[in-house]
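Please look at the sequence and the structure below before reading on.

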Amino acid sequence: MPRSKIAGIGMYVPANVVTNDDLTQYMDTNDAWIQERTGIKERRYAHRTEETTTTMGAEAAKIAIERAGTTAQDIDFIVFATLSPDYYFPGCGVMLQRAMKMKEVGALDVRNQCSGFLYALSVADQFIKTGMYKNILVVGAEKHSFGLDFTTRGRNISVIFGDGAGAVVLQPTEKEGQGILSTHLHSDGESAEILAMYNPGTHANHWADKNYADFDDAPIAEMFMSHAMIDKAQNFPFMDGQSVFKKAVVKFPEVIMEALQANGYQSTDINMLIPHQANLRISQFVQQKLKLSDEQVYNNIQQYGNTTAASVPIALCEAWEKGKVKEGDLVCLAAFGSGFTWASALLKW
Ligand code: UT7
């Protein structure tokens, strides 16, 4: 059975740099708080109308496709991970197929938030291993800046997120000791509402606390989106940050060790760990727990914030471009986030 290898990788971030100080014009926050709690110094925001999640994904994809020595016409499957799609439906996969003038290939959207890229990579990996496809484009992209609460009410979330995209082309390889060794996917829906965007949605408070909108009396036209939902900021992401933090620092090391053990490695064997860029403090905790040196972990949340599904491919791409990921290196990718979902992938570059 062939393995999949990352044949090409690309990233795209918008030109517009937004510093922590810039955010103080919208909300009661400050550079010291943001840096101390998250490590973030600045992030990028997409152009309001000219850039979308799909267009940013396409920019990253163009680079990945060129580096893989192939063309958009040769892509035989698309997997697109995002939580901030251009439309509620259809998904960004088909929008990318159209934007890049690809053949009428399958296009799958993955909705696993911070773990989205690793879920997408795992799906693509299975299709390569079975021989079904030979050139799969895997994209993680987000345009968070269009859906954040830019008031003091939303400051615990809005200061964290940034926009951007990363993409890889997966191809089969028969080369000994190269490619994706394994992927590991997990979920625990018990805490789904701890990090979620409640509305619009079809749940009608079936799961969530009954106290935020009275659906029993709501006119049918207001079931999907109402002024009350907007007044209560339910059209923006909600996060209980401390609960997410506590779970993340347990599940990150666990899923990394799972990948290492599945392949007979130890943490000392890792040449490069690329953690999802959720919070620099989480990455540092994981590094400490696994006794990794600074050279074994790559972080760039300082420059881009948390770009959710895009964060792992952006960080991997940047590390590779800087020569920090080289042929033969043992690379571990890991993520944790909303759902909760968490995942890892171990690969030989
Ligand atoms: O990728 C998705 C997964 N997400 C994560 O992994 C996030 C994990 N969680 C975190 O990163 C942290 O919980 C945060 C960075 C989100 C928040 O840090 P924290 O240390 O947990 O702060 P907190 O929410 O407990 O808030 C502490 C204080 C509060 O004020 P009081 O009640 O103590 O007066 C907040 O209102 O900090 C206040 N605060 C802020 N102050 C200035 C919250 N956000 C801000 C802000 N600027 N942006």
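A nonpolar core is here a set of buried Ala, Val, Leu, Ile, Met, Phe, Trp, Tyr and Cys residues joined through side-chain atoms within 4.5 Å, where buried means under 20% relative accessible area, exposed means over 50%, and partly exposed lies in between, using a 1.4 Å probe and protein chains only. Helices (H or I, at least four residues) and strands (E, at least two) are DSSP runs numbered from the N terminus.

Leu118 touches Leu185, Val312, Leu333, Ala334, Ala335, Ala343, Ser344 and Ala345, leaving aside residues up to four places away in sequence; contact means heavy atoms within 4.5 Å. In soluble globular proteins, nonpolar side chains tend to be buried together.

Residues are numbered from 1 along each chain as its sequence is written, and side-chain values use heavy atoms, with hydrogens and water left out. As the model is predicted, local features need pLDDT of at least 70 and side-chain atom pairs count only at pLDDT 80 or more, while totals for chains, interfaces and linings use all residues.

## Two domains

The protein is divided into domain 1 (3–173) and domain 2 (179–191 + 239–348), with bounds that come from an automatic or database domain assignment. The centres of domain 1 and domain 2, taken over C-alpha atoms, are separated by 17 Å, and 50 residues of domain 1 are in contact with 43 residues of domain 2.

## Residues brought together by the fold

Val105 is found in the loop between helix H4 (92–99) and strand E5 (106–110), and Val105 is buried, with a relative accessible area of 18%. Although Val105 and Asp76 are 29 residues apart in sequence, their C-alpha atoms are 5.5 Å apart in space. Not counting residues up to four places away in sequence, Val105 touches Ile75, Asp76, Phe77 and Ile78.

Ser311, found in helix H11, is buried with a relative accessible area of 1%. The C-alpha atoms of Ser311 and Asp163 are separated by 9.4 Å, while the two residues are 148 residues apart along the chain. When residues up to four places away in sequence are not counted, Ser311 touches His276 and Gln277.

Is Lys41 buried, partly exposed or exposed? Lys41 counts as partly exposed because its relative accessibility is 40%. Lys41 lies in the loop between helix H2 (31–38) and strand E3 (42–44), and touches Thr19, Asn20, Gln35 and Gln302, not counting residues up to four places away in sequence. From C-alpha to C-alpha, Lys41 and Val159 are 9.8 Å apart in space and 118 residues apart in sequence.

## Details of the backbone

Most residues other than glycine have a negative phi, and most peptide bonds are trans. Gln113, a residue other than glycine, has a positive phi near 50°; Gln113 is in the loop between E5 and H5 and is buried, with a relative accessible area of 14%. Thr308 is not a glycine either, but has a positive phi of about 50°. The place of Thr308 is the loop between helix H10 (301–304) and helix H11 (311–321), and Thr308 is buried, with a relative accessible area of 0%.

Which residues does a cis peptide bond with omega about -10° join? The bond joins Gly339 and Phe340, and Phe340 is in the loop between strand E12 (330–337) and strand E13 (341–348). The peptide bond from Asn199 to Pro200 is also cis, with omega near 5°, and Pro200 is in the loop between strand E9 (195–196) and helix H7 (227–231).
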